[in-house]
Amino acid sequence: MALQRAPQIGFDTFIVSAPTPFRRDDCRGLMENAPEVVRRYFPDYPEIYARRGWTMFDHIDRVYDSRKASRILGFVCRTGFAEVLAEAGRGG
């Protein structure tokens with residue numbers, strides 16, 4: 001997508017990642033108690049993680065925002081945390 005759009009946009013820097021489910025006002029909570037914030041968005045994550053023997057980070061100190069890549073390049077990841085979590089919940 002970047003190569004196709006290069007003649008129109010020139011040089012730029014993009015974060016290419018899945019869209020974040022978090023909002024700016026989640027930042028403090030993510031630093032202080034990430035599991036609580038994640039649970040608000042994904043209430044079934046603790047059960048799925050426990051079944052798989054996974055643990056959530058105590059804190060998340062950075063969140064990448066890919067909206068610029070979406071807006072300018074038209075790039076949107078096909079999967080994000082919600083899709084990966086759903087697959088893990090199905091045993092995938």
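Biologist: What do the buried residues of helix 3 pack against?
Modeller: Helix 2 (27-41) and helix 5 (81-89), with contact meaning heavy atoms within 4.5 Å. Helices here are DSSP runs (H or I, at least four residues), numbered from the N terminus. This is a predicted model, where local features need pLDDT of at least 70, side-chain atom pairs count only at pLDDT 80 or more, and totals for chains, interfaces and linings use all residues. Residues are numbered from 1 along each chain as its sequence is written, and side-chain values use heavy atoms, with hydrogens and water left out.

Biologist: Which residues of helix 3 are buried?
Modeller: In helix 3 (residues 45-52) they are Y45, I48 and Y49; buried is under 20% relative accessible area and exposed is over 50% (1.4 Å probe, protein chains only).

Biologist: Why are those on the same side of helix 3?
Modeller: Because they cover an arc of only 95° around the axis, taken from the directions from the helix axis to the C-beta atoms. E47 and A50 are exposed on the other side.

Biologist: And the core, which residues touch the most other members?
Modeller: L30, V38, Y45 and L85, out of 13 residues in the largest nonpolar core. Such a core is a set of buried Ala, Val, Leu, Ile, Met, Phe, Trp, Tyr and Cys residues joined through side-chain atoms within 4.5 Å. Helix 2 gives the most, with 4 residues.

Biologist: What does L85 touch?
Modeller: Not counting residues up to four places away in sequence, L85 touches F42, D44, Y45, I48 and Y49.

Biologist: Different topic. Is S66 buried or exposed?
Modeller: Buried, at a relative accessible area of 9%. S66 sits in the loop between helix 3 and helix 4 (67-73).

Methods: Helices (H or I, at least four residues) and strands (E, at least two) are DSSP runs, numbered from the N terminus.
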